[in-house]
Every structure is written in C-alpha cells, then in structure tokens.
Amino acid sequence: MKKVKQFLDYAASQEDAVVTYKASDMQLAIHSDASYLSEPKSRSRAGGHHFLTQKENITNVDNGAVLNLSQVIKAVMSSAAEAETGALFLNAKLAVPIRHTLEELGHPQGKTPIQTDNSTAYGIVNNKIQPKQTKAMDMRFYWLKDREAQNFFQFHWKPGKNNMADYWTKHHAAIHHANMRPQILSRPSVLEKLRQKLKGSLSQAAARVC
C-alpha cells in the first residue's frame, strides 16, 4: 500500500509524460550502460536507450526513445567490464528484432551504432583487449563479435555524461529525476504549442485553397 500511495502521489504531482518523435531516416541507434553490484545479492543492472535518428547524425540523441532497457543481470558479474559487456549483449539482442521490423517496413539498416562508456568493454568487443574471463563472458563476447562481423553493429565509446542509458541503471535522487525529465520527455506546454502551430498552418493552407 505504501508503494501504491507513492506512485499515486507521483502521478498527481507530475505533468503528463509526453515522448516526442521527429521525422528521421529511421536508423536505429543505441546507448548501453551497466551499474556494477548495484542490486541485491551482488547483481548488476543493465540499461539501454534505443532511438531512431538520421544517417549523418547517427551518434547523437535527437529523437524520442523507441525502447528503454532497465534489467537486472541474472548472473553475478565478476567485474564492471563484464557487467558492461553483459549490457551490450542484452541491448544488441533486443536490437535484432527491431532491425528486422524496420527493414520489413522499408527502412534498410546500416551498422547499428551501440555506444558504451566503459573503455575496457569497448576494447574487448573491438579486439583491442583479449579477455581472460568466464565462459559466460566468452559467449557474450563472441556473439557480439560475430554480429559486428556480419555488419549488424558498430561499437563506439563516449564519456558517461553523454550516455543516455546511464539514467536507467541506477537509483537516483528526486532532483536527478527532475533534471533528466526534460531530456527524455517533452513538457505538455511544448506539445500544446506544436498543436497550435500545426492548427494555424492548416488554417492558412485551407484559406489559400478557398
């Protein structure tokens, strides 16, 4: 009951959640992240931010999310790099059916860029570092490498402050949620302005026809 009351208090005190989508080349892009040992029983959490963008602007977040991942990794990870590799694996697996769907809809996909903020995980999947880890990590590593060789994915590194998946991996203070909300959601007032602008444009077009 306490959690239900907390949820109702949040719903009553926050604006409606509005996700805005812009016209794009329908190219899938992904930000991947993991928080190491942040969950009970020494588990880690994987996060992902999947969005559609332009071909020439493939690494920048400029559109609403089509999928967000926030999932506890079942196995206990032995290092932060293994947790990050596990997150890359989970996000890449989710991306496969999305890529197929987009292609079936007539939007050919190039290499889907997957961004990570962990330099060790980036080095592992790009053959710059040779891992000496568990068999489970080897399986994820080789699956990612095979998919990259098949031109499904392209992995790249950027600092954590530029990684939208970081938000979905940790328990944050209320002030952080308030600061992040404008980055992932649109204010209802912005949506209303867009509606009024569109309504005005349609009225002008109708007047010219008449």
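R140 and E82 are both buried, where buried means under 20% relative accessible area, exposed over 50% and partly exposed in between, with a 1.4 Å probe and protein chains only. The side chains of R140 and E82 form a salt bridge at 3.2 Å, N to O, the term standing for a side-chain nitrogen of Lys or Arg within 4 Å of a carboxyl oxygen of Asp or Glu. Helices are DSSP runs of H or I with at least four residues, strands are runs of E with at least two, and both are numbered from the N terminus.

The model is predicted: local features need pLDDT of at least 70, side-chain atom pairs count only at pLDDT 80 or more, and totals for chains, interfaces and linings use all residues. Residues are numbered from 1 along each chain as its sequence is written, and side-chain values use heavy atoms, with hydrogens and water left out.

**Salt bridges**

The count of salt bridges is seven. Three of them, including the pair described above, are listed here with their N to O distances.

| Pair | N to O distance |
|---|---|
| R140 and E82 | 3.2 Å |
| E103 and R99 | 3.9 Å |
| K145 and E148 | 3.0 Å |

E103 and R99 both belong to helix α2 and are four residues apart, about one turn of the helix. R99 has 4% relative accessibility and therefore counts as buried, whereas E103, at 36%, counts as partly exposed. K145 and E148 are three residues apart in helix α4, so about one helical turn separates them. Both K145 and E148 are buried. Elsewhere, a network of salt bridges links D33, D166 and K170.

**Aromatic rings**

A pair of aromatic rings is described by the distance of the centres and the angle of the planes. Here rings of Phe, Tyr and Trp (its six-membered ring) pair if their centres lie within 6.5 Å; planes under 30 degrees apart count as stacked, over 60 as edge-to-face and the rest as tilted. In one of them, the ring centres of F152 and F153 are 6.3 Å apart and the planes stand at 45 degrees, so the pair is tilted. F152 and F153 are both buried. The rings of Y167 and W168 have centres 5.0 Å apart and planes at 80 degrees, so this pair is edge-to-face. Y167, at 13% relative accessibility, counts as buried, while W168, at 23%, counts as partly exposed.

Ring pairs also link F152, F153 and F155 into a cluster. R147 lies over the face of F152, at 4.9 Å from the ring centre; a charge sits over a ring if NZ of Lys or CZ of Arg is within 6 Å of the ring centre and within 35 degrees of the ring normal.

Helix α1 (residues 2–13) has 12 residues and spans 17 Å from its first C-alpha to its last, close to the 16 Å expected at 1.5 Å a residue; the expected span is 1.5 Å times one less than the number of residues. None of the 12 residues of α1 is buried, so the helix lies largely in the open.

M1, V4, F7 and L8 make a nonpolar surface patch of about 500 Å². Patches are made of residues with over 30% relative accessible area and no salt bridge, with like charges joined within 9 Å and nonpolar side chains (Val, Leu, Ile, Met, Phe, Trp, Tyr) within 5 Å. Accessible areas come from the Shrake-Rupley method with a 1.4 Å probe, and for residues only the protein chains shown count as cover. V4 lies in helix α1 and, at 46% relative accessibility, counts as partly exposed.
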